[in-house]
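Here is a short report on one protein chain. Look through the sequence and the model first, then read on.

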Amino acid sequence: MEQISPTRMTLLQKRSQLQLASKGVDLLKKKRDALVGEFFALVHETLDARKKLEAAAKDAYFALFLAKAFDGPEAVDALAVGMPTVSNVSAEVENVWGTKVPRISAEWPPAGAASPIATGGQTLKAQEAFRRFAEALVEVANTETRLRRIGEEIKKTTRRVNALEQVVIPGVLHQMRFIKLVLEQREREDTFRLKRIKAKSEKEEKQAASA
C-alpha cells in the first residue's frame, strides 16, 4: 500500500487527484460512446462491402469462364500478360477519436487498357469485371481494418475506465478517509490537551489567589 503523509496538504492533493480521475472517466466514457456508435455504423458498412465483394467475385469468375469459352484461353492469357499494373497506390491515416486508422486507395487502369486489337469482347468484359472485384476487395480491406482498429480502441478505453472506477478512484477515496480519520484524531487530542492545560492554569491561578 502506498505510504502517505496524513496532512491537510496531502488531503488537498488527493482531492485534486479525485477530481482529475473523475473528469478522466467522463471523457473516456464520451470517447467510448462515440467509438461504439462509429463501430455499429461500420458493421453495416462492412456487411454491405462483403456482399458487394461476393457479388463482384461471382461476376468476375463467370465472366472469366465466358471469356475462355468464347475467346479462348490464349486470348485471356495474352491480355493478362499485357495488362498494366495498378498505379498510385497510397495509404492515408485517419484520426477517429484518437485512433489511427489506415485507408488504402489505388488507381486502376481503364477498361481495355493495353489490350491487343484482336482481344474478344468477352475477354474485355472479364477484365472489367475483375477490376470491379479488385476495387471491392480494397474496400472490404479498408472497412474491416477500420472496424478492427475501432474495436480494439473500445476495449482499451473500457479497460481504462474500469481501472479508474474500480482501482484508482476507490484507492484515492480510501486514502482520503484515512487522512480525515488521522486529522480528526489529532484534533481531538489537541482539544483534550488544551482543556487540560486550561484547567491546570485555572487551578494554579486559584491557588495563587488563595495564597
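Is arginine 132 buried, partly exposed or exposed? Arginine 132 is partly exposed, because its relative accessible area is 41%, and buried would need under 20% while exposed would need over 50%. This is a predicted model, and the values below are computed from it.

## Overall layout

The protein chain holds three helices and two strands. Along the sequence the order is α-α-β-β-α. Helix H1 covers 8-70 and helix H3 covers 121-210. Strand S2 takes in residues 99-107.

The protein chain has 211 residues, and 28% of them count as buried. Its accessible surface is about 14500 Å². Carbon and sulfur atoms own 58% of that surface. Take the contacts in the protein chain with a separation of 6 or more: 78% of them join residues 24 or more positions apart.

Glutamate 128 pairs with arginine 131, and their closest N and O atoms are 2.5 Å apart. Glutamate 128 also meets arginine 132 in a salt bridge, at 3.5 Å from N to O. Why can glutamate 128 and arginine 131 be described as about one helical turn apart? They are three residues apart in helix H3, so about one helical turn separates them. Arginine 132 and glutamate 128 are four residues apart in helix H3, which again means a separation of about one helical turn.

The two ends of the 3.5 Å pair fall into separate accessibility classes. Glutamate 128 is buried, because its relative accessible area is 18% and the limit for buried is under 20%. Arginine 132 counts as partly exposed at 41% relative accessibility.

Arginine 132 lies in helix H3.

## A bridge from strand S2 to helix H3

Which residue does arginine 103 pair with in a salt bridge? The partner is glutamate 139, with the closest N and O atoms 3.4 Å apart. This pair links distant parts of the chain. Arginine 103 is in strand S2, glutamate 139 is in helix H3, and 36 residues separate them.

Both side chains have a relative accessible area in the middle range. Arginine 103 is partly exposed at 30%. Glutamate 139 is partly exposed at 28%.

Arginine 103 turns up again in the surroundings of asparagine 142. Asparagine 142 sits in helix H3. Leaving aside neighbours within four places in sequence, asparagine 142 contacts Pro102, Arg103 and Ile104. Is asparagine 142 buried or exposed? Asparagine 142 is buried, because its relative accessibility is 4%, and the class takes in values under 20%.

Glutamate 107 also belongs to strand S2. At 45% relative accessibility, glutamate 107 counts as partly exposed. Glutamate 107 and serine 90 are 17 residues apart in sequence. Their C-alpha atoms are 9.2 Å apart in space.

## A positive surface patch

Which residues form the positive surface patch? They are Arg8, Arg15, Arg177 and Lys180. Helix H1 and helix H3 are the elements that give two or more residues to the positive patch.

Arginine 15 is one of the patch residues, and its place is in helix H1. Arginine 15 is partly exposed, with a relative accessible area of 37%.

Definitions and conventions
Residues numbered from 1 in each chain as written. Predicted model: local features only at pLDDT ≥ 70, side-chain atom pairs only at ≥ 80, totals over all residues. Heavy atoms only, no water. Patch = residues over 30% accessible without salt bridge, like charges linked within 9 Å, V, L, I, M, F, W, Y side chains within 5 Å. Areas by Shrake-Rupley, 256 points an atom, 1.4 Å probe, with all protein chains shown as cover. Salt bridge = Lys/Arg side-chain N within 4 Å of Asp/Glu carboxyl O. Lys, Arg positive; Asp, Glu negative; His and termini not counted. Charge placed at Lys NZ, Arg CZ, Asp CG, Glu CD. Buried < 20%, exposed > 50% of the residue type's maximum accessible area, 1.4 Å probe, protein only. Contact = heavy atoms within 4.5 Å.
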